[in-house]
Structures are given as C-alpha cells and as structure tokens.
Amino acid sequence: MITMKPKKLRVDFRKNRTQRTRVGDWTRKFEEHGFTEESEIASERIGGKSELSRKRTVIGELADDAQRKGGDFAVLPEVNTEKLLAGRVLRVHGASSVVQTQDGRLFHCVTRRILKTLSTDQRQPVVAGDYVMIRPAGNGFAPQGETAHNTPCDAMIERVEPRKTTIARTSKQRKHVIVANADQVLIIASAAEPTLKPNLIDRMILTAEQSGIRPIVCINKIDLVEPAALQPLVGVYAQMGYQVLLLSVETGYGLEHLRRLLSDRSSVVSGQSGVGKSSLLNAVDPQLQLRVAEVGNAQKGRHTTTTAELIQLSFGGYVVDTPGLRQFMLWDIIPEEVFGLFRDLRPYENLCYFPDCTHSHEEDCAVKIAVGEGRLDLRRYESYLGIRFGQ
C-alpha cells in the first residue's frame, strides 16, 4: 500500500505579534541615557522569517474554493485521526467549547493554537454545530451517557471539519458565524409584541438562500391579532415556495406541525429579540426548560438567550436556539448579487431593456412595470431596494 506524503503548505497567519511601529517615551529615554553614538537603523530588511512575516509552513490540505470564499479556513491541518475522537460542538463560551462525541460523552475543549491564528475573515474559529476532531487529555475516558449536568473531561480541538452550511452575518467588518451544518432555519417573527418586521425576514431568507439552507417562516403570537390580517404577508411568501407556519404558544396552534418539522433534523431557530423562540421550543419539547422572559416595555424584547447552543431534542434531531437579533447585516453578498436571491423578482431579470438594469431608476424596467401592475409585491420590491442600496 502506497501512502501519500503530507503536503507542506505556505499559509497566511494573523498579524498580531509584531512590535509597536512607533516607539514612545523618547524624552524619558534621553534624560536617562542621553544620545548614543550608534545611529538608527536606516533600512529594514524583511525576509521569510521576519517578525513581520504572516506566512508559515503548515502540513495539511487546501480547502476548496467555496470554503475559502465563505471565509472559512483556507487549509485543513494534518492530524492523526487514530488518536482523536470525532464530535460536534454544542456551545462556545469565549475560548472554550463543549463538544459531544458520537458515544454521548461531553468534553470541555480549548482550541488548538494554529486554528486561532490562521488568517480568516471569521470572528471565531469554532462555532456551535461544527464537526471537530478532539484530543482528550490523559486517557480521556469519561463515563458513557454523561450529561451536561456533569463535569466534562478536558480535551483540545485539533481540527474543524469543512462546513456544509453556515448562517452568518457581518459583525465589525468580520464574518460572525452563528451556527454551522444546519439543515433548515426557522425564521421566527411575532405578529405583535414586538412588531412584525418583514424586512428582517427578507434579510434572513437571503442568507439562507446563499448558504443553501431551507428557510421556514414562522409567525408566532397569532393569538394577539386577527389571523386574517396576516394573510397578505403569508400569501406573498407562500407564492414564492417558502413554507409559512402560524403559531401560538398560548393556544397551542401549529405546535404539532412545528414538532414534525424539527424531528430528526438539525434546525436553527433565529429571529429578533422577544418573538418567543425559547418559548416555542419549550412548548414542543417541555424537557428543554429554556429560560424565557417577558417582552420589555420598549417592545424590543430582551436577550434571554445569550449564546448559540446546539440542543438535542427528546423526539430526535437537534435545534440551535440563538440569541435574539436587533439587526442582521448580510455577509459576503455584494449589491449585484441581491436581485438574484429574491425568488419573486428573479424571473424578470432578463426582461428589462438594459442588460445591467439595477431596477431602481431605469426606464423600461420589467420589474418596475410588474410592481406597477400589481404582479409583484410593492413591499418586497422596496425591501430589495433597501438591501441593494443600503437604504
């Protein structure tokens, strides 16, 4: 049997260990030492091993173009899988993570240094939902069936496997991955308290479309309004092929349907603060006992859930309860790509007079004509303009 020699790759690392470019305290140094006969360095030579170099040699394999474009790791470090355990990240708290292995054991993990220093657009190298390879400390044999109420064993995350899907947003000009490797995203909105925000739903649908994740629109608290008032909005999304659920924790309406959708799948529950994400999960699976709180006086909701956590459901499957969102800035979607992610607008793209039509101010625009004739929803068109031009 012929074994392949591991590849040596030159990869970028974060530039975070260089000295200060400007030296301070010149006055104090002069008073203590005066001038020296040694002249200042007139030039600086930067070689391959300079402190300013951001490249290092790593043994591993290159990630594919899709992973690099998405801001994930450009290289997958070589590891000895015979001495490691495969697991999935349940939650991340700062520099530590809780990982569950395939046999149900829990490990309290730190992240390998190379994963934290590789140059990426990500805010965090490890997120909830990641599939990882870990190296247990010592013998690493925790009792099987250990639950989150016990103390997990210590381990180190040696490698993060390529992500199939991600839900991400922009945070401080970097990629904030909320959760990885999900099958579907439940976009939770509320009919009232707080006010329904269709534009936030549109932004999250665009992110799901880009990531290849099935979006499901869920409107909670329908007991607070007349359900007929929601039909125009529900009809617009349903005509585009999106599944829409009307739910109420108070009356139990739609909860059985929601339970069937969650069964045996990895789902993300996301939405603005106060829409009742945790309350819905508690209603479909009472064993979860997630923390809930009343909506604030400002009708904006409160951040009861503070971190994304992968939770196993008693009837099968996993769900990620995410912190409430006040805003959702799209990641890695350029303005020219926005139109193609709107299912209802996309069929009109090639009908405009100008091939580079932005569908905003041009004459003979098929999209504007369709909006004027009532064939396209005006609110959806205005939502497109707001996202496309940052209005």
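Phe339, Phe342, Tyr381 and Tyr384 are linked into a cluster by ring pairs (Phe, Tyr or Trp rings, the last by its six-membered ring, with centres within 6.5 Å). The model you are looking at is predicted: local features need pLDDT of at least 70, side-chain atom pairs count only at pLDDT 80 or more, and totals for chains, interfaces and linings use all residues. Residues are numbered from 1 along each chain as its sequence is written, and side-chain values use heavy atoms, with hydrogens and water left out.

**Rings and charges**
- In total, the structure holds 4 aromatic pairs.
- Tyr353 and Phe354 form an edge-to-face pair, because their planes stand at 85 degrees, with ring centres 5.0 Å apart (planes under 30 degrees apart count as stacked, over 60 as edge-to-face and the rest as tilted).
- Tyr353 is exposed at 60% relative accessibility, while Phe354 is partly exposed at 34% (buried is under 20% relative accessible area, exposed over 50%, partly exposed in between, with a 1.4 Å probe and protein chains only).
- The charged end of Arg388 sits over the ring of Phe389, 4.7 Å from its centre (NZ of Lys or CZ of Arg within 6 Å of the ring centre and within 35 degrees of the ring normal).

**Cysteines**
- The whole structure has 0 disulfides (pairs of cysteine sulfur atoms within 2.5 Å).
- For Cys357, the nearest cysteine sulfur is that of Cys365, 3.8 Å away.
- Cys357 is buried, with a relative accessible area of 11%.

**Confidence**
- The protein has a mean pLDDT of 79, and 69% of its residues reach 70 or more (pLDDT is the predictor's confidence in each residue, from 0 to 100).
- Over residues 140-151, pLDDT is below 50.

How values were computed: Contact = heavy atoms within 4.5 Å.
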